[in-house]
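Colleague: I'm new to reading protein models. Could you walk me through one, feature by feature?

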Amino acid sequence: MTQSLGPIGGDRCAGDDDRALVDAVRAGSEAAFFTLFHANYEMLCRYVYRYVRSRAIAEELVSDVFLRVWAQRERWEVRGRVRAYLYGAARNLAIDHLRRERVEQRSLDATVREHRVTGGERRRCEVEERLASEELAAAMQRAVDELPPRPRQVFLLRWQRHLTNAEIAASLGIAVKTVEMHMTRALDVLRGALPEELRGG
Amino acid sequence: MDLELLRRWVLGECDAGEREEVARWLAEDRSHERLVEVVRRMSAEPGAWTQSFDAGAAWSRVSRVVSSPEGERVVRVRTPGRVLSIGQRGGGAGFSGWRVAAWGLVAAAAIALGSKMAWGPLSRALSVPPASVPMREVIAARGQRAQVRLVDGTRVELAAGSRLTYPAAFTDSVRAVSLEGEAYFEVEHDARRPFLVRTRGGVTEDVGTSFVVRQYASDARLEVVVASGTVAVRAPGRNATTAREVGAGQLVRLDSSGGAEVRAVDLEQYLAWMHGRLVFRDTPFREVLAQLARWYDADFELADSTLASRRFTGAFQGESLDQIVSELAPPMHVRYERRGRTIVFSRMPGDR
């Protein structure tokens, strides 16, 4: 029953692959770096896009993530999964970017209407609310991208194309029961990506 | 919360009981609206959650930095109390500065020039390779150091206030780079393709080596110190047969008339800068100040020109500029005062 090693065995294998890839990048292998880049670039762009809402800026920030890894490859430390590391680094850059944008905006505000303190205060709340909302959208985007292929496909057909389970089953050539199973799996993963207070019972 | 229920609520597919359930839940906490908003976007923006990005095009941009010259890095010298950032908008991470260094060298050059460093007519003094090969340039501005790994694997460490120019690709027969300032080279030796360092006052050729080449714009002579292996140094325009071979632990000084002086030196003194140490042994005060000016991006002035030839012996590591100046003054028997950005040294009263 070697197949039923479950997530533990699966994780260990993936972790070893990660280790090898990270070690190769650290040793200066461009091929390894290329692999790392291609395996993660699009996902990270979609993720960062949820923060910055600009494709160009998302691409620039994600490129920065990789260039930073390369520039400091000899000292590159990855604890845990390399993908989690990349998401974390991308998030930091995205938030830095929003903060910079906000500082610029605020100094603009300050010069325009210095005396209207309440206006500035309201603005600060709006900005924080917006960031919390982007964080949530980004977490959902990441969860969707990290779904296994089948559940992801089913989820998108339902949520984006609004097909019924029967239509999905027909278009993928699988049983309705299987569609339901994938859908349940996808929604579980998505719910797991939500912050505690939104997960509910 | 049941995401599927929220989706149906957003799409208006809920019955009265479900609508009431969602309304109750929404009233519980403001953060719940946030989730509804995301669910709305997720189900109402077709394609937005699966938009594609061109990783191939992005890779070709990124790989310019990664693979053509094996990556360049401008390292900030740790000068306490002074934060240098090059061409960088906002207070971002050092990395952005690095990217600017690799992609936007023109900006770095402008800053270096802006900091009162005269580069001199570099291109005129050097034989320029065929125009078809794009040239690249790395600059360590004052107060900075830079590391470069060239396509052939050669490692270069640039000292503060220095500039290295090199072709994006080397030819089959020769690997030639141009230097103004000071740099340490660790050459991947290849007998069929000699590695040449061109400076205003001469050409240095490696014979399997690591060495330091130094000639700032203000230096009349070219200095080469060999850490390991052998190098051959010759005056510009002379052929290889006139070259002077120099071995490990030796310093060669080449003056403008082609005269060479070779002597054994203490390597530590010449290599210390790479480890962030400044070492002076019986060094003329003028040179001490020139070095400090580059390292700390500072300006000095001598109120009395005869002070220039006084000599100083000592070492610094990690001190602030103020500390260094205060430690330097007593043994040099000078006074100092700050005038704006400039530190002025003058003779002690009654000193002759």
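Colleague: What should I know before I start?

Modeller: This is a predicted model, where local features need pLDDT of at least 70, side-chain atom pairs count only at pLDDT 80 or more, and totals for chains, interfaces and linings use all residues. Residues are numbered from 1 along each chain as its sequence is written, chains are lettered from A and ligands numbered from 1 in the order in which they are written, and side-chain values use heavy atoms, with hydrogens and water left out.

Colleague: What is the mean pLDDT of chain A?

Modeller: First the idea: pLDDT is the predictor's confidence in each residue, from 0 to 100. The mean for chain A is 81, and 80% of its residues reach 70 or more.

Colleague: How many helices and strands does chain A have?

Modeller: Helices (H or I, at least four residues) and strands (E, at least two) are DSSP runs, numbered from the N terminus. Chain A comes to nine helices and zero strands. Look at its contacts too: among those between residues at least 6 apart in sequence, 66% join residues at least 24 apart.

Colleague: How much of chain A is buried?

Modeller: Buried means under 20% relative accessible area, exposed over 50%, and partly exposed in between, using a 1.4 Å probe and protein chains only. Of the 201 residues of chain A, 40% count as buried.

Colleague: How many salt bridges does the structure hold?

Modeller: A salt bridge is a side-chain nitrogen of Lys or Arg within 4 Å of a carboxyl oxygen of Asp or Glu. Over all chains there are 35. Take A:Arg26 and A:Glu77, whose side chains meet at 4.0 Å, N to O. A:Arg26 lies in helix 1 (residues 6-26) of chain A and A:Glu77 in the loop between helix 3 (55-71) and helix 4 (82-112), so the pair ties together parts that are 51 residues apart in sequence. A:Arg26 itself is partly exposed, at 27% relative accessible area.

Colleague: Which residue of chain B does A:Arg158 meet in a salt bridge?

Modeller: That's B:Glu4, at 2.9 Å, N to O. The pair crosses between chains, from helix 6 (residues 149-159) of chain A to helix 1 (residues 3-10) of chain B. Both A:Arg158 and B:Glu4 are buried.

Then try B:Arg338 and B:Asp322, which form a salt bridge at 2.7 Å, N to O. These two are 16 residues apart, with B:Arg338 in strand 18 (residues 334-339) of chain B and B:Asp322 in helix 10 (residues 321-332) of chain B. B:Arg338 counts as partly exposed at 46%, and B:Asp322 is partly exposed at 47%. Salt bridges can also share partners: A:Arg50, A:Arg53, A:Arg130, A:Glu134, B:Arg41 and B:Glu45 are joined that way into one network.

Colleague: How many disulfides are there?

Modeller: A disulfide is a pair of cysteine sulfur atoms within 2.5 Å, and a search over all chains finds zero.

Colleague: Last one: how do I read a sheet?

Modeller: Strands of a sheet pair through backbone hydrogen bonds, either parallel or antiparallel. Two strands pair if DSSP finds at least two bridges between them. In chain B, three strands form an open sheet in the order 16-19-18, with mixed pairing. Strand 16 (299-302) and strand 18 of chain B are the edges, each pairing on one side only.

Colleague: How many bridges join strand 18 and strand 19 of chain B?

Modeller: Six, in the antiparallel sense, with strand 19 covering residues 342-347. Find B:Glu337 and you'll see B:Val344 of strand 19 opposite.

Definitions and conventions: Contact = heavy atoms within 4.5 Å.
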